[in-house]
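Please look at the sequence and the structure before reading the points below.

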Amino acid sequence: MSQGPSPGAGAARPGTNGPLVTDGPYELTGEMVTLLAPTSRRLVLNRRGSTVWQVTGDRGDHAVKLGYPAAPTHQYTALAPAREATILRQLGQDGVYWGEWARGTWSVQPWYDGKSVWDLWEPHRTGKERRNLETDALSCARALAGLHAEGWVHGDVQPAHFLLGRHGTRLIDLGLARGGEVPAIYDFPHRGCLVHYESPEMSRSVLTTGTAVPTSASDVFGLGAGLFLSATGLRAIDFPADAERAEQRRVIARGRIRPVTIPGRLGKIIEAMLSPGPADRPSSADVCAALG
Ligand SMILES: Nc1ncnc2c1ncn2[C@@H]1O[C@H](COP(=O)(O)OP(=O)(O)O)[C@@H](O)[C@H]1O
Ligand SMILES: [Mg+2]
């Protein structure tokens, strides 16, 4: 069982010189089986250098992540699970473990039962059913504001990362978060978000330097863009879906936001969250106040 950074097998750092890049999904290792004594498991996803399992065992349900290089140029995805786990531990989350495996790092964290805001709003978005979106939006904003109040920035805000459940809303996937100490062996620079939720200043930075430093203001933009997309099905900035990533970023960097047609105070606050200039955006606490 690994409860923290452990010496890797062999001299190489995980994910930095693996012989080849393969696609997964990757199986649980013996170490994980010993740790969790699974009675069943379900593959949640395998993409972009990450295999995620929901594992059920005597100790409850856990999310298990195995990171591996997404491409020869994307070795850092191999480090993301351990990076995230060290952050979860700093935030006081119990039931968090990490270690290294043949292609990278892995992590274990408690499973949180909930539906993402994207999934939850699907019937509303497609016109099947009206839903009061404000309450859900407020719970997402509270989750983000809670993280910000602890001195952390998420760095990868997207609607799939807010899980709304019976016990409130949890903001997951802290693999790109910043705020405390991350062991140097697991750290890597931020190379941008999923562009749907990336702020204009982040896009500009990635275009000019290849990396960006996420801020609470870029998180707020991400939340605004995520709520807007979840409510309407439209990207907040109408970048060309099929263009190269750099071209998409050039369009985002210009900061021309679609008109926000969502009614009421939710629409107003989303419009403010999507302000092209970071200084013009409300803080996550302001968003909570506006919706509370
Ligand atoms: N702690 C968790 N509780 C419940 N579901 C989770 C948890 N962690 C991850 N998931 C599920 O796995 C998906 C991918 O996890 P995520 O942390 O976003 O990994 P990745 O780094 O590959 O993006 C999430 O969208 C969610 O459906
Ligand atoms: Mg994710």
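In what order do the three strands of the open sheet run, and is the pairing parallel or antiparallel? The order is β6-β7-β8, and the pairing is antiparallel. The model is predicted: local features need pLDDT of at least 70, side-chain atom pairs count only at pLDDT 80 or more, and totals for chains, interfaces and linings use all residues. Residues are numbered from 1 along each chain as its sequence is written, chains are lettered from A and ligands numbered from 1 in the order in which they are written, and side-chain values use heavy atoms, with hydrogens and water left out.

- Strands here are DSSP runs of E with at least two residues, helices are runs of H or I with at least four, and both are numbered from the N terminus.
- Two strands count as paired if DSSP finds at least two bridges between them.
- The edge strands β6 (115–116) and β8 (168–171) each pair on one side only.
- Strand β7 (residues 162–165) is joined to β8 by four bridges, and the two run antiparallel.
- Leucine 164 has threonine 169 in β8 as its bridge partner.
- Helix α5 (residues 133–149) lies across β7 and β8, at about 50° to β8 (axes are lines fitted to C-alpha atoms, for helices over the stretch in contact, with angles from 0 to 180 degrees between N-to-C directions; contact means heavy atoms within 4.5 Å).

- Eight bridges pair strand β1 (residues 38–47) with strand β2 (residues 50–57) in the antiparallel sense.
- Opposite leucine 45 stands valine 52 in β2.
- Two residues lie between the strands of this hairpin, and arginine 48 takes a positive phi near 40°.

**Surroundings of ligand 1**

- Ligand 1 is surrounded by 16 residues, the closest being Ser50, Lys65, Tyr112, His161 and Asp173 (a residue is near if one of its heavy atoms lies within 4 Å).
- At least two shell residues come from each of β1, β2, β3 (60–67) and β5 (104–110), and β1 gives the most, with three.
- The side chain of serine 50 has an N or O atom 2.6 Å from an oxygen atom of ligand 1, while for the side chain of arginine 47 the distance to a ligand oxygen is 3.2 Å.
- A nitrogen atom of ligand 1 lies 3.0 Å from a backbone N or O atom of proline 110.
- Alone, ligand 1 exposes 540 Å², of which the protein buries 86% (Shrake-Rupley method, 1.4 Å probe).

Technical notes:
A polar contact is a pair of N or O atoms within 3.5 Å; within protein, one must be able to donate a hydrogen and the other to accept it, and residues adjacent in sequence count only if both atoms are side-chain atoms.
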